[in-house]
Amino acid sequence: MATIYNEQRRLGVVVVPDGTKMYNGRPVVGVLALTDGALMRRNRRTVGMDVVAGGVQIYNEQPVTGVVLITDGRVLYNNQLVIPAQVAGGGHPDWVPDATRYMPAATGTRWPSGFTMTYASGLNYQCSLLWFGSPDYPTNDFLIPFVGFGLTEGGLAPQETVNPNADMLIDEVFFRLLDGTEYPILFGGVAAAAATAATGIVYGQVTLPAALPAWSIFGIRTVYHGTVGNTYIGGYRCQRHRGEKLWGGGDLATVRALAAANGPSTAALDVFYNTVGNASNSQPLAYGPALVLAKGWDGRPVPLVLADSLLERQEIAASADARRNMGVGRRWLDQRDAAWGSLIPVVMGVPGSKSVQELAASATKRWVMIDAIRDTYNAGKNIWTFVLDQSGRNDNSATASTWSNAKLGLVDRVKTRYGAGIHVVGMTLWPTMTSTDAGRTAAAWTVSALWNGVSGTLKTVNDTVLASSRYARVMDVFSAYTTDEDPTKAPAAEFFPLGNVIGHPGNQDGVTTWDTIKLPSSVLLGEVITFEYQPGLWAVRTVIDRVDNGDGTADYKVAEIFATNVQDNATLLSRAINLDSGSGTTTHVHPMLRAILRTASRIPQSEKSKFYP
């Protein structure tokens, strides 16, 4: 029986990018999502709509329609009147625009962190090309800070003590459109700038001839240099599949020529792709903007995120989405939900961050920077509207009160800085497991009392978070991560079957190395796969490139190159949780791609309703 709203059948809809003309064989329509219950708006009857999963073609006995959420006042879209709609699950309160307020305008920005690198002879001039996603509203008048300090990852994170031994010397920076058009980003009206080592911040600005359309992809191209033998910092691992590049040469003319040719990254700066480590065994870090801000804000919430690695890792580069998002948090916030919209955060943390070490000794320079933007460029208005506290995992302690007090203490310090009345939203924490089979089967998972979220220390900590008056609201995301079969544990690899290896890679001689494997084309770029290379024996590879064959298979390039002798048609799984340390019984902390996508899909977008005071 058809479902009715306002004397009409409810429509099944899929939110599509602004500019899309057709979906499911039907014209895409513009939608004005109402939250006041009005049955008429602009002399048109309000239509009931239910957001459905992509791929669904029929819903409520009607074809599914593609819609674009209109938030900028347009009354026409795709040559049709915008439709007032009541979207299932409700919708956001009215947004109050402030088009002159600088707000985050780029997905996937990162602070320099991890380690310093050394300028090598012939590579001491470098040029990075990074691509970002813009907000879901038009933007212009960009403010782009670059910093001379870097953050520790790991034990002392996020202390700002990973610093170059000389200033970061910026030669020129450009704002780049997808068609290759570039506009210079200037620092006080000049092209070059120097971010003082360990302390410096410089601000680039550019105003485009016309506003950047909503939901665009844009690039920032940064040229910088130093003296051979000096150290420098970076925050970005270039994502090949998204056209990101890192060029190097011995002089400015050389890197300018490489950038103009837009060829592949310089080979010496394109090693250890999709690998995290140190300066000698990690994908090189490219220098780029610490944040990208712009005017044009339409009033949607902007989270200031207290974060650690679980916001973004264990994705590195090869699996990033089209808008540079990686990890559960960034992907979920940026989802273009018809009722609640997409949100671009200010992420304060880095992998390894502890709540107890944030906004504390040696961890205040980022905070000073965002406050300086407020006071110097934003007429006293913050570049965020509320605080989202995802942190706390790395403060784990066998004593639950010690653990929760570390997390809540950070909230106290933030409130001391910005006022007791700021809106803070908490998040519950996820478990860590150990495994005797590298996380392949659920039966091999073990959860210690420390990490048991049903009956252990983690349960006590999460209960404290849920009940704490420090938070105006709390997102309980624990069950989104764990399984229905065993709510103490996350899914194992067997939860994500991918079929079988097609034939076998290599020569099956155990001597000749191979780097290409034929798999079902449903395997995702950047995915870590595990396969039964011989009966009872399993191997792991990371897929970093692919060529589709047009027959449901694809040839995948893998990062790990060995001579593994793989039996024909080996069983294939997607690795769910990363192996973080040890051997034998091992520790698994970070979700990998399929588990990340699963978790993000299990957190309702309606949780964004908690972001409003």
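In the predicted model, 57% of the 613 residues of the protein chain count as buried. The chain exposes about 22,700 Å², and carbon and sulfur atoms supply 54% of this area. Along the principal axes, the C-alpha trace spans about 70 × 60 × 55 Å. The radius of gyration is 25 Å, which agrees with the value near 25 Å that a compact globule of 613 residues would have. Among contacts with a separation of 6 or more, 78% are between residues 24 or more positions apart in the chain. The secondary structure consists of seven helices and 42 strands.

The largest nonpolar core contains 56 residues. The residues with the most contacts inside this core are Met 49, Trp 332, Leu 388, Met 475, Ile 577, Ile 603 and Phe 611. When residues up to four places away in sequence are not counted, Phe 611 touches Pro 301, Trp 332, Leu 333, Leu 343, Phe 386, Leu 388, His 423, Val 425 and Met 475.

Strand β37, covering residues 528–534, pairs with strand β38, covering residues 537–548, over five bridges in the antiparallel sense. Within this pair, Ile 529 has Arg 541 of β38 as its bridge partner. The hairpin of β37 and β38 has two residues between the strands, and Gly 536 there takes a positive phi near 80°. Strand β38 is also joined to strand β39 (residues 553–562) by five bridges, again running antiparallel. Here Asp 545 stands opposite Lys 557 in β39. The hairpin of β38 and β39 has four residues between its strands, and Gly 550 in the turn has a positive phi of about 80°.

Three bridges join β40 to β37 in an antiparallel arrangement, with Phe 531 opposite Leu 572. Three bridges also join β40 to strand β35 (residues 497–500), and these two strands run antiparallel. In that pair, Pro 497 stands opposite Leu 573.

Elsewhere, four strands form an open sheet in the order β16-β27-β19-β23, with antiparallel pairing. Strands β16 (103–104) and β23 (201–206) are the edges, each pairing on one side only. Strand β19 (residues 140–147) pairs with strand β27 (residues 293–295) over two bridges. Asn 140 has Lys 295 in β27 as its bridge partner. Asp 141 is also found in strand β19; its phi is positive, at about 55°, although the residue is not a glycine.

Two further backbone features lie in loops. Asn 24 is located in the loop between β4 (22–23) and β5 (26–27). This residue, which is not a glycine, has a positive phi of about 55°. Asn 24 counts as partly exposed because its relative accessibility is 28%. The other feature is a cis peptide bond between Ala 157 and Pro 158, with omega at about 5°. Pro 158 is placed in the loop between β19 and β20 (168–176).

Helix α5 (residues 457–467) contains Asn 462. The relative accessibility of Asn 462 is 5%, so the residue counts as buried. Leaving aside neighbours within four places in sequence, Asn 462 is in contact with Thr 428, Leu 429 and Phe 478.

The cysteines were also considered. A disulfide is a covalent bond between the sulfur atoms of two cysteines. A search of the whole structure finds zero disulfides. Cys 127 is in no disulfide, and its nearest cysteine sulfur, that of Cys 238, is 9.7 Å away. A disulfide requires the two sulfur atoms to be within 2.5 Å. With a relative accessibility of 0%, Cys 127 counts as buried. Cys 238 is likewise in no disulfide, the nearest cysteine sulfur being that of Cys 127. Cys 238 is buried as well, with a relative accessible area of 7%.

Key:
Residues numbered from 1 in each chain as written. Predicted model: local features only at pLDDT ≥ 70, side-chain atom pairs only at ≥ 80, totals over all residues. Heavy atoms only, no water. Buried < 20%, exposed > 50% of the residue type's maximum accessible area, 1.4 Å probe, protein only. Pairing = 2+ DSSP bridges. Contact = heavy atoms within 4.5 Å. Rg over C-alpha atoms; globule rule 2.2 N^0.38 Å. Areas by Shrake-Rupley, 256 points an atom, 1.4 Å probe, with all protein chains shown as cover. Core = buried A, V, L, I, M, F, W, Y, C linked by side-chain atoms within 4.5 Å.
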